[in-house]
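Trainee: I am new to this one. Can you walk me through it?

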Amino acid sequence: MKKKSKILFLVLAIAMIATCLFGCADNSRPSPATDPGSDPGSTSTELTKVSVGLTPYPMYTVFSVAKELGIDQKFGLDLDLKTFTGTAQGAQALTRGDVQISAACIAEHLAAVSGSPTLTNFAPLGNFKGFFFVGREDEWTPWDDLVEECGGDIEKAKEQRLLEFEGKIFCVIPQRHALILDAISQVGLTEDDVTFMDFGDDAKAASAILSGTGDLYIGSLPQQRSLVAQGGYVDVGGSDILGPAGLWFDSMMTTDAFMTENRETALRLYAVMFASIAAFDSDPDAYSEIAARLYTETSGVETPTEEWKTFMTEFDDLVSLDEAKEGFYNPDNRLYWANAVDYNIELLINEGSLKEGVTGEQYYGESEKLFNELLTRDDLVKLINSTTMDSLK
């Protein structure tokens, strides 16, 4: 990325907020164009408007591209996109009824479920692979160099690195505690062996590291990459040293009311998401060019095409319909996301940031039902599978 882009990306990084506190209610009703049994490919001008809350992270641009290319209209919908600086603002909009679904992820959403039982997960969007610890260059050996020093033995390097975390100060939001404690527990360290300096959002935590506070930061991918890109900071270790809690998912949240009272609209909205991902898979270069432009417009940060594509190929994996069936919703697959949610719930309860009584079913139960129902809709599945960049020209 050019220097100007890196600086602008850093500005975005320290402006993001990532905590979700509120539930919502949804009173929208589907229009005749989206009644059960209607043709999703109909040319009818009657479209159901659905408001979608997005945060300025690259993966959520799939909805912006769906709007730009008219994918939403193929399914009888009219996406009304609203961009928020963070998930907290999106959650507040849900509370007011301004949006029907909004961006979320496991830890933040679980905290919201704890306080708002009516809040539920709408659908997973991607498999996030971008967590890594960031430290100052003069204090830490970069992870790749450490592995090389250990003769390529990742397990040896992992043990050495995690033991080096003893006595260190982590600048994070509270929701990252479980992620860190899960990692250091692999070498016998506990909460008594580290110090957490908590902040209200990832932006403030990243700013603290920039100001010289603390020893390590782990948080949002744009912030992590921005710190490393500007120089003076290094990747101390990511997926190779994280424990099971490092299995993370991008997702969208909604309410029980939207999932039940607006079932047909919810099904079509889920289909729009999969269709947009199908378009990406059909031609990543052409899709990324559009996505990078839209992401630049909505985030206010100049993002080259290759940068957006890198995010979505190296640090995140947008999940297709088939991948969801084979992985996310397959109990026999290591990517089965219900296991990751249950694991995080146990960690957060033990860590004290989540109250007893919260269950995984509150988080992913309705989402799985929606997905299984979508698979029975041959009309929607056919449209998803036929969506390519060429077909949208």
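Mentor: Start with a term: buried means under 20% relative accessible area, and exposed means over 50%. Keep in mind that this is a predicted model.

Trainee: Is glutamine 100 buried or exposed?
Mentor: Glutamine 100 lies in the loop between H4 and S3. Its relative accessible area is 9%. The cut-off is under 20%, so glutamine 100 is buried.

Trainee: Which residue has its backbone nitrogen 2.8 Å from a polar atom of the glutamine 100 side chain?
Mentor: A polar contact takes a pair of N or O atoms within 3.5 Å. Here the distance is 2.8 Å, and the backbone nitrogen belongs to serine 51.

Trainee: Which strands stand at the edges of the sheet?
Mentor: The open sheet has 6 strands with mixed pairing, in the order S2-S1-S3-S10-S4-S11. An edge strand here has a single partner, so one side is left without a neighbour in the sheet. That describes S2 (77-83) and S11 (316-318).

Trainee: What is the bridge partner of proline 124 in S10?
Mentor: Look at strand S4, residues 119-128, and strand S10, residues 248-255. They run antiparallel, joined by 8 bridges. In S10, proline 124 is partnered by serine 251.

Trainee: At about what angle does helix H4 run to S3?
Mentor: Helix H4 covers residues 87-96 and packs on the sheet. It touches S10 and strand S3 (101-105). Its direction makes an angle with that of S3 of about 140°.

Trainee: Which strands does helix H15 lie across?
Mentor: Helix H15 spans residues 321-328. It runs at about 100° to S4. The strands it lies across are S4, S10 and S11.

Methods
Residues are numbered from 1 along each chain as its sequence is written. This is a predicted model: local features need pLDDT of at least 70, side-chain atom pairs count only at pLDDT 80 or more; totals for chains, interfaces and linings use all residues. Side-chain values use heavy atoms; hydrogens and water are left out. Two strands pair if DSSP finds at least two bridges between them. Helices (H or I, at least four residues) and strands (E, at least two) are DSSP runs, numbered from the N terminus. Contact means heavy atoms within 4.5 Å. Axes are lines fitted to C-alpha atoms, for helices over the stretch in contact, and angles run from 0 to 180 degrees between N-to-C directions. Buried means under 20% relative accessible area, exposed over 50%, partly exposed in between (1.4 Å probe, protein chains only). A polar contact is a pair of N or O atoms within 3.5 Å; within protein, one must be able to donate a hydrogen and the other to accept it, and residues adjacent in sequence count only if both atoms are side-chain atoms.
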